[in-house]
Amino acid sequence: MKIDVIGSGSAFSEINNTSSIHIEDNSHNQWLIDCGPTIPRALWQRGIEVNAIQAIYFTHCHPDHCSGLAALVNQWKSFQRAEPLDIFSQLEQQPLLTSLVDLAIWPETDICFDIRWHDIADAFTWQHWEIETANTQHEISNRAIRLTVDGQTLFYSGDGRPTAASKVLMQDADLAFQECASFNALDDDASHGDLPDCIRLLKDTNVKKLGLYHCFDAALPNLRDAAGTIPNLFISYDGLMLNTADAL
Ligand SMILES: [Zn+2]
């Protein structure tokens, strides 16, 4: 899998786009995970064709992870997208996303391509992709995701502190992205990750490469310094391109 980090920032980052990744497999299937307010422009700057992204997976519906959907669908409508779009979201959060689609096409009610809505199950398949999901510890329900595609495994946490279930999904992943807001340890009941917890994750889950993202701007200098001394750990950044098959 080729991973393009469209955004790596926290909700109100002045440095980075809101967090999102673009995934492309060996057959050129393309997914987007999360779509916050700054993501559409970052996609347009890449010149990604209007039919190219086949699916969007929403880890949860906080605005920094989903509000870009309105602008993106509006662009796809304006440039006559024709291919269907699969949207994966938690069922109870789906009405928030449908309201964003309604906004995108208003005052019309029909759109020029099909949107196929899917609930997020614990395990499911999409084409030849094998997908597992689990909750992290967050203010609202957030589904971390593990994708096994073309013999490689990717984990993306969305937002929130790791849980026993999300750690299972990280196990032995070729590449993992974990939300890490803070350099310093947070309380056990916090809704964000922190560096000491992420260092433990590296050891406990045996991931080959662990990228921290969604970091608070103020924490970035200390996180970068620390990551430089820890093998297999890196701080993600906008525009970073990775392949799950490559060594760090
Ligand atoms: Zn959130």
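**Backbone, metal and voids**

Pro107 sits in the loop between α4 (94-105) and β6 (115-118). Here helices (H or I, at least four residues) and strands (E, at least two) are DSSP runs, numbered from the N terminus. The peptide bond that joins Trp106 and Pro107 is cis, with omega about 5°.

The model is predicted: local features need pLDDT of at least 70, side-chain atom pairs count only at pLDDT 80 or more, and totals for chains, interfaces and linings use all residues. Residues are numbered from 1 along each chain as its sequence is written, and side-chain values use heavy atoms, with hydrogens and water left out.

Two more backbone details concern phi. Most residues other than glycine have a negative phi, and most peptide bonds are trans. Gln80 has a positive phi, near 55°. Its place is in the loop between α3 and β5 (85-88). Gln80 counts as exposed, at 55% relative accessibility. The classes are buried (under 20% relative accessible area), exposed (over 50%) and partly exposed (in between), with a 1.4 Å probe and protein chains only. Asp172 also has a positive phi, about 60°, and is not a glycine. Asp172 lies in the loop between α5 and β11 (175-179). With a relative accessible area of 39%, Asp172 is partly exposed.

Now the whole chain. It holds seven helices and 14 strands. The radius of gyration is 17 Å, close to the 18 Å that the globule rule gives for 248 residues, so the chain is as compact as a globular protein of that length. That radius is taken over C-alpha atoms, and the rule is 2.2 Å times the number of residues to the power 0.38. Along the principal axes, the C-alpha atoms fill a box of roughly 50 × 35 × 35 Å. Buried residues make up 57% of the 248.

Next, the metal. Which residues coordinate the zinc ion? They are His60 (NE2), His62 (ND1), His138 (NE2) and Asp159 (OD), at 2.2 to 2.3 Å. Donors are N, O and S atoms within 2.8 Å of the metal (3.2 Å for Na, K and Ca); water is not among the atoms, so sites may look incomplete. Along the chain, the donors follow the spacing H-x1-H-x75-H-x20-D. His62, in the loop between β4 (55-57) and α2 (63-66), and Asp159, in the loop between β10 (152-156) and α5 (164-170), are 97 residues apart, so this pair links distant parts of the chain. Both His62 and Asp159 are buried.

Empty space comes last. Rolling a probe the size of a water molecule over the atoms shows where empty space is left. The search uses a 1 Å grid over the protein atoms alone: in a cavity a 1.4 Å probe fits but cannot get out, while a pocket is an open set with protein on both sides within 12 Å along at least five of seven lines; lining residues have an atom within 4 Å of a point.

The largest pocket is lined by 13 residues, with Ala11, Phe12, Asp64, Asp159 and His214 nearest its centre.

Leu43, Trp44, Ile48, Ile53, Leu72, Gln75 and Trp76 line the largest cavity. Two elements, α1 (39-46) and α3 (69-78), each give two or more residues to that lining. The largest share, three residues, comes from α3.
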